[in-house]
Amino acid sequence: MNEQAVPVPGERFPDYRRSVGLKYVKYGFDVLLSPSFLGTVVALPAAAFGALELANLYRQGELQRLVRVAQQTEITLDVITVIVCVSLLSLAMLTYYALRQRPVYLVDFAVYQAPESWSCPYTRFNNGSRNCKKFTPENLEFQEKILARSGLGQQTYLPPAVASNPPMINMEKAREEFETVMFSTVQDLFDKTGVRPKDIRILVVNCSLFNPTPSLAAMVINHFKLRSNIISYNLSGMGCGSSPVSIDLARQMLQLHPSSYALVLSTENITQNWYFGNEKAMLMPNCLFRVGGAAMLLSNRRRDSLRAKYELLHTVRTHLGANDSAYKCIYQMEDDVGEMGVRLSKELMAVAGEALKANITTLGPLVLPISEQVLFVTNLVLRKVFKRKIKPYIPDFKLAFDRVCIHTGGRAVIDEIEKQLKLTPDMVEPSRATLYRYGNTSSSSIWYVLSYLESHVGLKRGERIWQMGFGSGFKCNSAVWRVRRRLNKMHPAWEGFDVKEMRDHLATLPNHLTRKVQ
């Protein structure tokens with residue numbers, strides 16, 4: 001195999017800050033200046049003008065004379081003014097209510113914690129790789145090195161079918177993994193919220209690599225006996241960045257269906273997608289991916305605003321699939337001897353950096369303070385229009401967000417996002433802790449990060465949370481939430497977690513960022 005095709009674990013993002021795609025800036029302002037936003041901007045001043053004019057006429061006694069004038073045959077200018085003002089006020093109110101977005105609340109969520117029998121310390125992983133007798137000595141050593149420097153701890157989880165000797169890789173065991181992970185997680189969510197399965201009107205399930213018939217969504221509907229007219233979607237092949245896509249789809253459905261609950265499930269199946277070949281570029285997922293799953297309950301019912309944990313502010317989706325390198329940088333395929341796996345190309349980090357640049361350039365106008373936007377646009381005009389040779393101005397995203405949930409794709413990804421967005425160590429530690437405790441759980445990883453924030457950091461009302469996910473295609477997707485109430489309750493998935501032990505372990509790894517967390 002060509003060694004150049006193997007992604008280097010320590011490889012960095014390109015410095016995307018040196019260039020800014022103007023079309024992505026335009027995308028951001030297109031979202032900001034949407035018809036609903038412009039309609040509100042026009043409607044509210046018109047309503048205010050009409051109300052002030054009516055108040056002025058009341059003080060002058062014109063409204064009192066309206067009844068008397070109505071009894072006369074001559075219509076005065078004041079009566080016409082009153083009629084026009086009332087009409088404007090009514091039109092403005094109708095416009096506002098017609099164009100406004102329904103609020104979308106995250107009532108609560110749950111993440112899966114596997115039983116101890118699924119635990120996979122380094123020794124169990126390495127012994128299992130040897131005992132299956134599928135890997136060459138060179139690739140056994142390669143996997144051991146990758147695992148040792150990956151940032152994963154000793155308590156991640158693998159499904160029994162993969163960890164058994166010999167491995168039992170089949171459809172039945174893959175179904176068992178999904179049922180064990182997601183059915184228990186959904187039940188936990190129902191128990192926490194008091195919502196009945198029959199109350200769910202919208203269901204969105206995302207799992208990239210396992211797509212049986214009937215679908216995973218149908219399995220959930222069957223198990224929980226959901227309503228027959230449920231609106232269900234089963235998203236596949238969308239990779240680790242698909243949870244924000246599912247949230248965005250649920251948001252759009254909630255705009256169409258008033259007073260509804262939406263259940264969103266994010267997971268990945270390990271059993272049917274373990275690679276037993278000897279191409280290094282396809283062995284990386286074995287070392288990083290572990291069992292995980294998350295269930296989220298969304299609502300557009302205003303009475304849920306008091307108990308909801310978060311309110312959804314923005315979703316931004318970026319897809320670079322039109323570019324061949326981006327499209328193929330994460331690619332499911334068979335190797336030379338017919339073993340199925342997912343290949344990570346050497347362009348992965350460069351593509352991820354480009355996708356991140358496009359996504360945050362679109363996101364910026366929606367979240368950054370006006371002062372930062374003015375500085376950014378001024379700098380951009382000076383460089384692009386007046387050809388001034390000055391450094392690009394990098395907006396300070398710490399002013400836009402209080403907390404960040406980075407997809408735990410790998411230690412190098414977290415390091416580079418911390419460096420290029422100039423995030424503080426405490427802003428990225430929840431993502432490092434999630435990678436250490438649970439590994440790369442694919443699309444559900446950002447929910448493990450959020451549960452860590454609630455459990456070990458605590459969140460205050462009004463704080464803004466940025467979730468970002470990367471995935472095949474290639475995609476970078478963001479969701480922005482606002483905390484609605486103080487949150488500091490320990491999630492079962494994080495009980496007994498030793499933060500100091502995690503920090504000590506990461507400090508021993510090569511090239512680890514050593515800045516201290518406050």
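I began with disulfides (pairs of cysteine sulfur atoms within 2.5 Å) and found that the structure holds zero of them. I then looked up two cysteines. Cysteine 132 has a relative accessible area of 14%, so it is buried. Cysteine 287 is buried too, at 0% relative accessibility. For these labels, buried means under 20% relative accessible area, exposed means over 50%, and partly exposed lies in between, with a 1.4 Å probe and protein chains only.

I note that this is a predicted model, in which local features need pLDDT of at least 70, side-chain atom pairs count only at pLDDT 80 or more, and totals for chains, interfaces and linings use all residues. Residues are numbered from 1 along each chain as its sequence is written, and side-chain values use heavy atoms, with hydrogens and water left out.

**Entry: helix H16**

I turned to helix H16, residues 425-438. Helices (H or I, at least four residues) and strands (E, at least two) are DSSP runs, numbered from the N terminus. H16 has 14 residues and reaches 20 Å from its first C-alpha to its last. That is close to the 20 Å expected at 1.5 Å a residue; the expected span is 1.5 Å times one less than the number of residues. How many of its 14 residues are buried? I found 13, which leaves H16 mostly covered. Glycine 439 follows H16 and has a positive phi, near 75°.

**Entry: salt bridges**

I searched the whole structure for salt bridges and got 20. The test is a side-chain nitrogen of Lys or Arg within 4 Å of a carboxyl oxygen of Asp or Glu.

Arginine 432 took up my next lines. Its salt bridge with aspartate 415 has its closest N and O atoms 2.7 Å apart. This pair links distant parts of the chain, with arginine 432 in helix H16 and aspartate 415 in helix H15 (residues 411-420), 17 residues apart. Both arginine 432 and aspartate 415 are buried. Arginine 432 also forms a salt bridge with glutamate 418, with the closest N and O atoms 2.6 Å apart. Arginine 432 lies in H16 and glutamate 418 in H15, so this pair ties together parts that are 14 residues apart in sequence. Glutamate 418 is buried, as is arginine 432. I also noted a network: salt bridges that share partners join Asp108, Lys192, Lys309 and Glu454.

Next I looked up lysine 280. It forms a salt bridge with glutamate 138, the closest N and O atoms being 2.7 Å apart. Lysine 280 is in helix H11 (residues 280-288) and glutamate 138 in helix H6 (residues 137-148), 142 residues apart. Is each end buried or partly exposed? Lysine 280 is buried, at 10% relative accessibility. Glutamate 138 is partly exposed, at 49%.

**Entry: core and patch**

I looked up the largest nonpolar core, which has 137 residues. Such a core is a set of buried Ala, Val, Leu, Ile, Met, Phe, Trp, Tyr and Cys residues joined through side-chain atoms within 4.5 Å. Leu298, Tyr310, Trp447, Trp466 and Trp481 touch the most other members. Helix H13 (residues 348-367) gives this core its largest share, ten residues. In soluble globular proteins, nonpolar side chains tend to be buried together.

Val377, Val381, Val385 and Phe386 make a nonpolar surface patch of about 350 Å². Valine 381 is in helix H14 (residues 370-384). It is partly exposed, with a relative accessible area of 34%.

**Entry: backbone**

I checked two peptide bonds. The bond from asparagine 165 to proline 166 is cis, with omega near 0°. Proline 166 is in the loop between helix H7 (160-163) and helix H8 (171-193). Threonine 213 and proline 214 are also joined by a cis peptide bond, with omega about 0°. Proline 214 is in the loop between strand E2 (200-206) and helix H9 (216-224).

Then I looked at phi. Lysine 133 is not a glycine, but its phi is positive, about 55°. It lies in the loop between H5 and H6 and is exposed, at 72% relative accessibility. Serine 442 is not a glycine either, and its phi is positive, about 65°. It sits in the loop between H16 and helix H17 (445-457). Serine 442 is buried, with a relative accessible area of 1%. Most residues other than glycine have a negative phi, and most peptide bonds are trans.

Note on methods:
Patches are made of residues with over 30% relative accessible area and no salt bridge: like charges are joined within 9 Å, nonpolar side chains (Val, Leu, Ile, Met, Phe, Trp, Tyr) within 5 Å. Accessible areas come from the Shrake-Rupley method with a 1.4 Å probe; for residues, only the protein chains shown count as cover.
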